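Biologist: I would like to learn how to read a protein model. Can you take me through it feature by feature?

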Amino acid sequence: MSRSVRTRPEGSGQALSEAYDTALLDLDGVVYAGGSAIVHAVESLATAREGGMRLAYVTNNALRTPDVVAAHLTELGIPAEAGDVITSAQAVARLLAEQVPQGARVLVIGGEGLRVALRERGLVPVESADDDPVAVVQGYGGPELPWGRFAEASYAVARGLPWFASNTDLTIPSGRGIAPGNGAAVEVVRIATGAEPQVAGKPLPPMHRETILRTGAKRPLVVGDRLDTDIEGAFNGEVDSLLVLTGVTDGARLLAAPPRHRPTYVDADLRGMLTGQPEVVGAGGGFRCGGWTATAGDGELELAGEGGALDGLRALCAAAWTAAGDGACELDGGKALARLGL
């Protein structure tokens with residue numbers, strides 16, 4: 001059965017923290033940025049947790065172990081335990097363990113998070129293509145990962161060993177700017193071998209399956225800042241999502257989103273978990289939210305009225321997504337977004 005195409009953000013009469021039992025939270029750009037908590041994150045998460053919502057932290061970064069991530073969150077004032085953290089290393093370790101024998105040797109190109117996840121699945125990490133591995137797994141290994149590690153992976157993959165990747169994010173944020181991510185490292189091995197890895201991380205189903213298995217969520221809400229990982233992951237998992245505007249997604253990207261990148265809800269930051277969400281309703285030939293009405297005009301999106309910027313953005317989403325149907329909106333939303341200060 002084909003799923004319907006989302007043409008507007010949804011409303012909710014309940015606070016999202018009451019309507020959903022578990023929040024599956026991305027970390028960088030949602031909970032923290034550059035090692036510091038994002039504004040309103042600490043208090044919003046505390047309120048959601050006190051109200052009975054389970055909080056799970058879901059990251060594509062395979063370098064750090066869940067213990068290390070939980071300790072970092074706790075230092076920021078967000079109490080967390082290792083069991084609250086789900087990583088792409090855990091997802092790829094499960095995917096791999098389902099295809100190789102217990103106790104098998106696996107060539108690891110990555111960091112400690114990947115090695116720990118493999119050992120938890122009863123697999124044995126090795127360092128060389130000559131150590132008789134039965135598979136290769138690649139995850140982010142940090143900026144100091146030696147170039148020779150990519151050659152080691154290439155030797156093994158070229159011999160026909162199955163190749164797995166924790167994720168294929170091309171970039172990763174750092175305190176100094178945007179740096180190459182695991183996807184860039186995967187491309188090195190792909191170019192050298194012509195092979196294709198099996199990938200576990202967001203937005204692909206193995207990562208969503210890992211989060212559900214580990215949290216037991218019955219009605220999860222994915223909370224993220226990236227359309228192509230967090231929101232697409234929710235789409236693939238057929239669960240609802242909240243996009244927060246504290247990370248990489250801006251208004252223009254949101255208006256141009258194809259169906260798989262359209263969130264269920266849109267809000268400024270994690271305070272959006274604690275409230276209901278306003279309805280976007282049809283209004284003549286356009287869409288109204290709060291005091292704003294948005295329409296798809298001749299080559300551009302038009303906005304009339306006044307009110308809160310987020311209400312205007314939600315109305316614009318409805319106009320853009322409806323006009324685009326099952327594609328990406330090509331109408332110019334620049335003037336409308338400028339009116340909202342976005």
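Predicted model: local features only at pLDDT ≥ 70, side-chain atom pairs only at ≥ 80, totals over all residues.

Biologist: Let us begin with the sheets. In what order do the 6 strands of the open sheet lie?

Modeller: The order is β5-β4-β1-β13-β14-β15. The pairing is parallel. At the edges stand β5 (85-87) and β15 (265-267), and each pairs on one side only. From one strand to the next, the twist averages 25 degrees.

Biologist: How many bridges link β4 and β5?

Modeller: Strand β4 (residues 54-59) pairs with β5 over 3 bridges, in the parallel sense. Take Thr59 as an example: its bridge partner in β5 is Thr87. Helix α4 (residues 88-97) packs on this sheet and touches β4 and β5. The direction of α4 makes about 60 degrees with that of β5.

Biologist: Which strands does helix α9 lie across?

Modeller: Helix α9 (residues 227-237) lies across β13 (220-224) and β14 (240-244). It runs at about 155 degrees to β14.

Biologist: Now the sheet of 5 strands. What is its order?

Modeller: Read it as β7-β6-β8-β9-β12. This sheet is open, with parallel pairing. The edges are β7 (124-126) and β12 (198-199). Each has a single partner strand, so one side of each is left without a neighbour in the sheet.

Biologist: How many bridges join β6 to β8?

Modeller: There are 4 bridges between strand β6 (residues 105-109) and strand β8 (residues 135-138), and the two run parallel. Leu107 has Val136 as its bridge partner in β8.

Biologist: Which helices should I look for on this sheet?

Modeller: Look at α6 and α7. Helix α6 lies across β6, β8 and β9 (163-165), at about 140 degrees to β6. Helix α7 packs on the sheet and touches β8 and β9. Its direction makes about 160 degrees with that of β9.

Biologist: How do I describe two helices that pack together?

Modeller: Two packed helices are described by the angle between their axes and the distance between the axes. The crossing of α6 past α7 is right-handed.

Biologist: Which residues make that contact?

Modeller: From α6 come Phe150, Ala153, Ser154, Val157 and Ala158. From α7 come Ala185, Val188, Val189, Ala192 and Thr193. Sorted by class, the contact of α6 with α7 has 8 nonpolar, 2 polar and no charged residues.

Biologist: Back to α4. At what angle do α4 and α5 cross?

Modeller: The axes of α4 and helix α5 (residues 112-120) cross at roughly 40 degrees and come within 8 Å. These helices are therefore oblique to each other. Here α4 passes α5 in a right-handed crossing. On the α4 side, find Ala89, Gln90, Val92, Ala93 and Leu96. They meet Gly113, Leu114, Ala117, Leu118 and Glu120 in α5. The contact of α4 with α5 has 7 nonpolar, 2 polar and 1 charged residues.

Biologist: And how do α4 and α8 cross?

Modeller: Their axes cross at roughly 100 degrees and come within 9 Å. That makes α4 roughly perpendicular to α8. The contact includes Arg94 of α4 and Arg209, Glu210 and Arg214 of α8. By class, the residues of the contact of α4 with α8 divide into 5 nonpolar, 2 polar and 4 charged.

Biologist: What should I know about charged pairs?

Modeller: Side chains of opposite charge can pair when their charged atoms come close. This structure holds 20 salt bridges. One of them joins the side chains of Arg54 and Asp84, at 3.7 Å from N to O. Arg54 lies in strand β4, and Asp84 in the loop between α3 (66-75) and β5, so the pair ties together parts that are 30 residues apart in sequence.

Biologist: Is the peptide bond from Lys202 to Pro203 cis or trans?

Modeller: That bond is cis, with omega near 10 degrees. Pro203 lies in the loop between β12 and α8 (205-215).

Key: Residues numbered from 1 in each chain as written. Heavy atoms only, no water. Left-handed = near helix turned anticlockwise from the far one by under 90°. Contact = heavy atoms within 4.5 Å. Nonpolar A, V, L, I, M, F, W, Y, C, P; charged D, E, K, R; others polar. Pairing = 2+ DSSP bridges. Axes fitted to C-alpha atoms, helices over the stretch in contact; angles between N-to-C directions. Salt bridge = Lys/Arg side-chain N within 4 Å of Asp/Glu carboxyl O. Parallel < 35°, antiparallel > 145°, perpendicular 65-115°, else oblique.
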